[in-house]
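Me: I am new to this structure. Please take a single part of it, describe that part closely, and then set it in its surroundings.

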There are 2 protein chains.
Amino acid sequence: MPENDPRPLAGVTIVDLTRVLAGPYCTLVLSNLGARVIKVERPVRGDDVRDVGPFRGGFSLYFAALNYDKESIEVDLKSEAGRSVFERLLDRADVLVENFRPGTLEKLGYGWEALHARWPRLIYGAASGFGHTGPMSRRPAYDLVAQAMSGMMSLTGYPDQPPARVGVSIGDMAAALFLSVGLCAALYKRRETGQGVMVDVAMLDAQIAILENALTRHLVTGDLPQRTGTRHPNISPFQAFETSDGRLVVCAGHDELYHVFCDKIGRPEMKSDPRFVTADDRRVNVAAMQEEVESVLRTRPTAHWLEVFEAAGTPCAPVNTVADAVRLPQVEAREMLRAIPDPRIGTLWVAGNPIKISGVAEPATHRPPPDVGADGARILAELD
Amino acid sequence: MPENDPRPLAGVTIVDLTRVLAGPYCTLVLSNLGARVIKVERPVRGDDVRDVGPFRGGFSLYFAALNYDKESIEVDLKSEAGRSVFERLLDRADVLVENFRPGTLEKLGYGWEALHARWPRLIYGAASGFGHTGPMSRRPAYDLVAQAMSGMMSLTGYPDQPPARVGVSIGDMAAALFLSVGLCAALYKRRETGQGVMVDVAMLDAQIAILENALTRHLVTGDLPQRTGTRHPNISPFQAFETSDGRLVVCAGHDELYHVFCDKIGRPEMKSDPRFVTADDRRVNVAAMQEEVESVLRTRPTAHWLEVFEAAGTPCAPVNTVADAVRLPQVEAREMLRAIPDPRIGTLWVAGNPIKISGVAEPATHRPPPDVGADGARILAELD
């Protein structure tokens with residue numbers, strides 16, 4: 001890296017044994033902050049998701065979205081030559097990240113005790129389904145398992161419908177983000193102590209953590225949090241409504257906003273409707289509220305209502321598809337979509353870095369995701 | 001802090017202007033890592049969510065879940081005396097975090113340029129709906145707005161039902177986590193440069209980022225990602241199924257796991273059923289698969305099937321309620337539930353820290369969440 005690279009993790013080298021989602025997303029977040037990520041892949045097949053579609057030019061887009069800007073070296077951790085390369089990589093590394101099932105790395109002789117004894121400055125990050133301790137530690141897990149087991153799924157969807165999965169892999173993503181926080185904090189601490197630590201993040205723990213007030217509410221009051229569709233559990237109108245051509249959300253969280261909202265939809269009498277006078281009336285009669293509001297909103301398209309509500313200062317938004325979302329001028333202005341010229345794919349589009357830092361411009365471009373071992377020769381030469 | 005506090009952010013002081021959810025969750029994550037968080041609250045009412053129920057002993061559990069272990073001082077940023085206190089707090093602070101609408105702090109004279117000029121080492125973290133730049137920057141936002149606008153909601157729920165909100169405030173939580181990563185990385189960098197930076201995280205950007213491969217898939221192939229209930233978009237059986245008394249998820253992601261699964265549910269003929277022979281057959285006939293599997297699973301309770309699948313090594317899990325989840329021995333073993341004796345609430349239960357670090361034990365207990373200004377006198381005395 002150039003000496004004056006303003007990115008906060010410039011100069012940090014990560015040896016990356018991760019595959020699939022949680023681990024690679026963590027190292028992507030750190031790469032976006034300037035870390036060098038050397039992806040250590042098993043020979044030939046490499047990361048499991050290289051086989052997961054959709055493909056473009058024979059290349060997995062699933063893999064591509066998670067592994068741009070990373071380097072790849074093929075290493076067989078079960079061969080002597082491979083272990084020697086891996087160890088020389090660790091000699092120069094700041095951080096090792098992996099998301100194998102707990103016990104896997106230990107069996108290969110690279111458990112935390114062994115790593116710390118030989119590389120005391122090395123920080124070791126592990127993402128797993130259930131964590132490196134506890135009775136379920138070594139059980140297999142997927143995002144779906146974490147969402148189901150944690151209660152996350154029970155909170156998502158409509159009350160008269162079965163639980164739904166959160167539409168992105170929030171089990172993986174939350175673990176990846178907590179691990180990223182832990183690793184950055186460990187790097188900060190190491191400047192003081194000179195010592196590495198192990199950071200152990202479980203998908204299940206991460207889901208439990210982001211339940212936040214649902215969890216407190218349940219444990220303190222005994223209430224069981226329920227699915228509410230799009231409705232706020234206590235405030236109304238604060239949910240999605242149907243229009244003539246789609247849906248929008250409105251957040252009219254207190255009397256003043258509610259009164260403006262009634263006027264703007266041409267139903268001023270709703271302000272004094274005995275079902276809707278106080279916030280508590282509106283909470284109790286939320287189904288009637290939805291009926292009344294939709295009977296009006298269904299007469300005009302989403303765009304009309306958004307214009308009306310925006311002009312009135314009522315918080316609102318269209319219920320966008322992904323296609324709508326990526327066309328938002330705000331998304332462009334924030335440089336949240338990045339185009340990477342890629343000889344295999346054509347143009348690879350990926351999400352940008354949501355951590356915007358003063359003095360750090362978005363890079364002009366990014367490295368395309370590597371083929372298995374693409375950077376091996378150069379990396380090996382560096383080790384000599 | 002004691003000199004030998006092993007927590008990575010021990011010694012870091014955060015001046016915390018945040019309210020409601022995204023900001024307070026960010027400073028909670030950092031507090032869990034050892035930072036001292038001084039919550040600067042407007043006089044009397046303090047943080048907005050102190051008024052949000054449910055309450056226990058008159059105290060908001062919503063507030064409590066997010067603000068334990070923090071200190072509180074009452075400061076009126078519009079009075080001269082208040083500004084003087086705030087500035088003396090910044091003299092001693094490492095990090096300032098806020099989640100006002102962009103422009104708010106600037107109007108008070110504490111925009112980034114002014115902060116950086118006077119406190120060059122100070123790191124400034126801002127969470128907002130749309131970020132501090134771009135055409136929508138100053139628009140009001142809530143979690144519901146971020147989920148709707150980003151496409152997140154369009155991906156969540158069942159294809160034949162309206163979009164659903166993710167059952168936790170993932171718009172706030174994701175922004176909080178990205179901001180936490182950015183602030184820790186900025187602290188790391190500051191040890192080298194001596195300079196603070198501004199870290200600007202938007203809820204919308206954070207949602208776009210965690211769409212990850214759905215976003216790449218759409219932008220590269222033109223496919224529009226859809227809601228799939230609990231089903232994996234490409235793999236089957238990989239979803240929730242009904243049992244006689246509830247639901248469970250099964251992840252039988254490849255031929256071998258599928259064959260074992262068929263045997264274990266007593267339907268070996270499904271292995272050679274022409275609808276289900278290859279992974280692609282199973283993907284195409286996912287509705288028929290659900291029907292066949294549920295016709296068997298509905299005959300016995302969840303506990304029976306979990307036992308069968310666990311013994312066979314098939315990744316599976318019950319679809320738990322929050323009440324089920326908090327009773328998991330693994331959650332207890334990982335110390336993910338923390339009891340805090342609180343004179344107002346009785347016992348306050350909160351989620352623990354999911355970032356487990358070697359050599360860092362969970363604290364024996366935590367400070368209860370403060371009343372508005374509870375620590376003011378002591379903090380003021382420190383400033384003299």
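Reply: **Helix packing**

In chain A, the axes of helix α1 (residues 22–32) and helix α7 (residues 170–193) come within 8 Å of each other and cross at roughly 45°. Here an axis is a line fitted to C-alpha atoms, for helices over the stretch in contact, and angles run from 0 to 180 degrees between N-to-C directions. Helices (H or I, at least four residues) and strands (E, at least two) are DSSP runs, numbered from the N terminus. The model is a predicted one, in which local features need pLDDT of at least 70 and side-chain atom pairs count only at pLDDT 80 or more, while totals for chains, interfaces and linings use all residues. Residues are numbered from 1 along each chain as its sequence is written, and chains are lettered from A and ligands numbered from 1 in the order in which they are written.

The crossing is right-handed, a term used if the near helix is turned clockwise from the far one by less than a right angle, with anticlockwise giving a left-handed crossing. From α1(A), Ala22(A), Tyr25(A), Cys26(A), Val29(A) and Leu30(A) take part, and among the residues they meet in α7(A) are Met173(A), Ala176(A), Leu179(A) and Leu183(A). Two residues are in contact if their C-beta atoms, placed from the backbone, lie within 7 Å. By class, the contact of α1(A) with α7(A) has eleven nonpolar residues, one polar and one charged. In this scheme Ala, Val, Leu, Ile, Met, Phe, Trp, Tyr, Cys and Pro are nonpolar, Asp, Glu, Lys and Arg are charged, and the others, Gly among them, are polar.

**The meeting of two chains**

Helix α7(A) also meets a helix of chain B. The axes of α7(A) and α7(B) come within 8 Å and cross at roughly 20°, so these two helices are roughly parallel. Their crossing is left-handed. The residues of α7(A) in this contact include Ile170(A), Phe178(A), Val181(A), Cys184(A), Tyr188(A) and Arg191(A), and those of α7(B) include Ile170(B), Phe178(B), Val181(B), Cys184(B), Tyr188(B) and Arg191(B). The contact of α7(A) with α7(B) divides into 16 nonpolar, two polar and two charged residues.

In it, 121 residues of chain B are in contact with 121 residues of chain A. On the side of chain B that touches chain A, helix α7 (residues 170–193) of chain B supplies the largest share, 14 residues. That side as a whole comprises 83 nonpolar, 25 polar and 13 charged residues.

Strands join the chains as well. Strand β8 (residues 198–202) of chain A pairs with strand β14 (residues 356–357) of chain B in the antiparallel sense over two bridges; strands pair if DSSP finds at least two bridges between them. Within this pairing, Val199(A) has Ile357(B) as its bridge partner. An open sheet of seven strands, with mixed pairing, runs in the order β14(A)-β8(B)-β7(B)-β6(B)-β1(B)-β2(B)-β5(B). At its edges stand β14 (356–357) of chain A and β5 (71–74) of chain B, each with a single partner strand, so one side of each is left without a neighbour in the sheet. Further inside that order, β1 (residues 13–16) and β2 (residues 36–41) of chain B pair in the parallel sense over four bridges, and Val15(B) has Ile38(B) as its bridge partner.

**Chain A and some backbone details**

Chain A contains 16 helices and 14 strands, and its C-alpha trace spans about 80 × 45 × 40 Å along the principal axes. Of its 384 residues, 56% count as buried, that is, with 20 or more other C-beta atoms within 10 Å of their own; 12 or fewer makes a residue exposed, and values in between partly exposed, with C-beta atoms placed from the backbone.

Most residues other than glycine have a negative phi, and most peptide bonds are trans. Val20(B), which is not a glycine, has a positive phi of about 70°. Val20(B) lies in the loop between β1 and α1 (22–32) of chain B, and counts as buried because it has 20 C-beta neighbours inside 10 Å. The peptide bond from Gly53(A) to Pro54(A) is cis, with omega near -5°, and Pro54(A) is in the loop between β2 (36–41) and β3 (55–56) of chain A.

Key: Angles under 35 degrees count as roughly parallel, over 145 as roughly antiparallel, 65 to 115 as roughly perpendicular and the rest as oblique.
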